[in-house]
There are 2 protein chains.
Amino acid sequence: MKKALSFDIGGTKIYYTVIDENGEVISEIKKESTPKTLEGILEILKNGISENKDVDAIAIATAGTVNNENTGVNGSTGNLPEGYHTIDFQSLSDKKVYLENDANAAAWAEHIIGSSKGCQNSVMLTLGTGVGGGIILNNKLYKGKSGGAGEMHFKMYPDKRRKCTCGSYDCFEAYASGTGLKWTAEEISGNKEITTYDVIDGLKVGCPEMTKIFNTWQNHIIQGIIGLANIFDPDCFVLSGSMAQFVDVQKIEEVVNEEIVTSPTSVRLGSAGNYSGMIGAALLAIESIGE
Amino acid sequence: MKKALSFDIGGTKIYYTVIDENGEVISEIKKESTPKTLEGILEILKNGISENKDVDAIAIATAGTVNNENTGVNGSTGNLPEGYHTIDFQSLSDKKVYLENDANAAAWAEHIIGSSKGCQNSVMLTLGTGVGGGIILNNKLYKGKSGGAGEMHFKMYPDKRRKCTCGSYDCFEAYASGTGLKWTAEEISGNKEITTYDVIDGLKVGCPEMTKIFNTWQNHIIQGIIGLANIFDPDCFVLSGSMAQFVDVQKIEEVVNEEIVTSPTSVRLGSAGNYSGMIGAALLAIESIGE
């Protein structure tokens, strides 16, 4: 059975472990804080690789847009050190080193072993601090002309209200993310100190104001999914990430199916787990080396 | 050289002509008003087919969602007579009868002989009374699970302002179409009698109010394209339809490329002409019969 050493390189943490061709995690999961320097990141990668020689490929799920050759990232990448896009990842090993964007990799894991298994066309949304997206079309990861497809930066308003992390305004991410929930809470309550925990706790005990805030946030998610459903006519949507546990998936599916012009779709929570990025990258890396 | 008899069945007119495998129109273009009954539509189809026996396939570009077998439309379809989706189109001829949605067919014509030729991934928007969409991914028409993909009914606002023809609210179509321009003009001018001609004429002579209305409309188009560019990372966008002639394509491309997180894309006017739906359907029909 083939296996890959798989890394997940995010803005705050780097994880790595060994994953087999069935998507099973078969070694201890190591965790490090993301270093502030390129050298620090390279050291973690090198140490991981030298600790795990008995693998067939090296997989890297990473923040940032991964090119269509799956060898590196395009341009600068949010919280990762400057120059990250200049790393020659393949030079770190004589085995195949295969990169994929973390949200794309997670969408692939859901497609192969998770809740979009069997769906030819699916859209995954990771609702966390930000919003990630991964699109599977005709059973393949859709990457676009330069690897950047699946960025959930479509507009919720056309008239510049909230500045998004991407530099533009009013993207889906700025409303449907955890950060978006905080901003919605600030706007509705007038309280700058309010947290997402306040909203979730208030929702649980039936507080009318917190319920209103939550529903406004969830409605933004619903309106975004309606648009994506009409554009992609997908078999299903997968919601994952730390904020997905709070949404009412059944309600979302119901409202979406009432509003779309395409045939009914399905909305599901992800089931590939917290390490879905590493799993999906490992599965892609193993697939890429063929027989 | 292979050729197809190609129909374009819309809510107000039906056209037909013969088109060869290069996408050239090689016979007179016939035009009829769309009958109010199924029988009337069938008669036009039958007459066209019996007048044009020397063809290799029958192509039909039609309003409505065409199924993935390209044999008929799913469910009821706007302005066409009730029961249109029950027509057994294949029974009309012993040659292959191949249907495609009109916007999809037009996108295919642009891809093969028009302004998105050479673009692996492209999104076409037809800006007319409504807005149509056709999506080419990896050099193939993307249809989704049931043929409905490419519906440009994603939201411009999440909070129910304008009712869209689709029954939902605030879709791109309700802002970026000719009808959308009229509604924007009514809102800004407060004049219910204002027409799109008033806006276009006023724009041409530099009237500040009409220019403001036009720019608001064009900004909705820009904001929609920004979202689609981030989602699809396409090589290009093609704008066609009767309203496309009025937009400032260069300006749109410039603003879009300033705002997107993916790599720069190109925005172009369609060049496959007014009969692009019939041409695209003919090319697809001829392709479907193979050698």
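Modeller: A:Asn138 lies in the loop between β7 (131-137) and β8 (140-141) of chain A, where strands are DSSP runs of E of at least two residues, helices are runs of H or I of at least four, and both are numbered from the N terminus. This is a predicted model, in which local features need pLDDT of at least 70, side-chain atom pairs count only at pLDDT 80 or more, and totals for chains, interfaces and linings use all residues. Residues are numbered from 1 along each chain as its sequence is written, chains are lettered from A and ligands numbered from 1 in the order in which they are written, and side-chain values use heavy atoms, with hydrogens and water left out.

Biologist: What is the phi of A:Asn138 near?

Modeller: Most residues other than glycine have a negative phi. A:Asn138 is a residue other than glycine, yet its phi is positive, near 50°.

Biologist: Is B:Asp233 buried or exposed?

Modeller: B:Asp233 is found in the loop between α6 (208-232) and β9 (236-240) of chain B. Buried means under 20% relative accessible area, exposed over 50%, and partly exposed in between (1.4 Å probe, protein chains only). The relative accessible area of B:Asp233 is 0%, so the residue is buried.

Biologist: How is α2(B) oriented relative to α8(B)?

Modeller: Helix α2 (residues 102-113) of chain B and helix α8 (residues 276-288) of chain B pack at an angle of about 80°, with their axes 7 Å apart. Axes are lines fitted to C-alpha atoms, for helices over the stretch in contact, and angles run from 0 to 180 degrees between N-to-C directions. Angles under 35 degrees count as roughly parallel, over 145 as roughly antiparallel, 65 to 115 as roughly perpendicular and the rest as oblique. Therefore α2(B) and α8(B) are roughly perpendicular.
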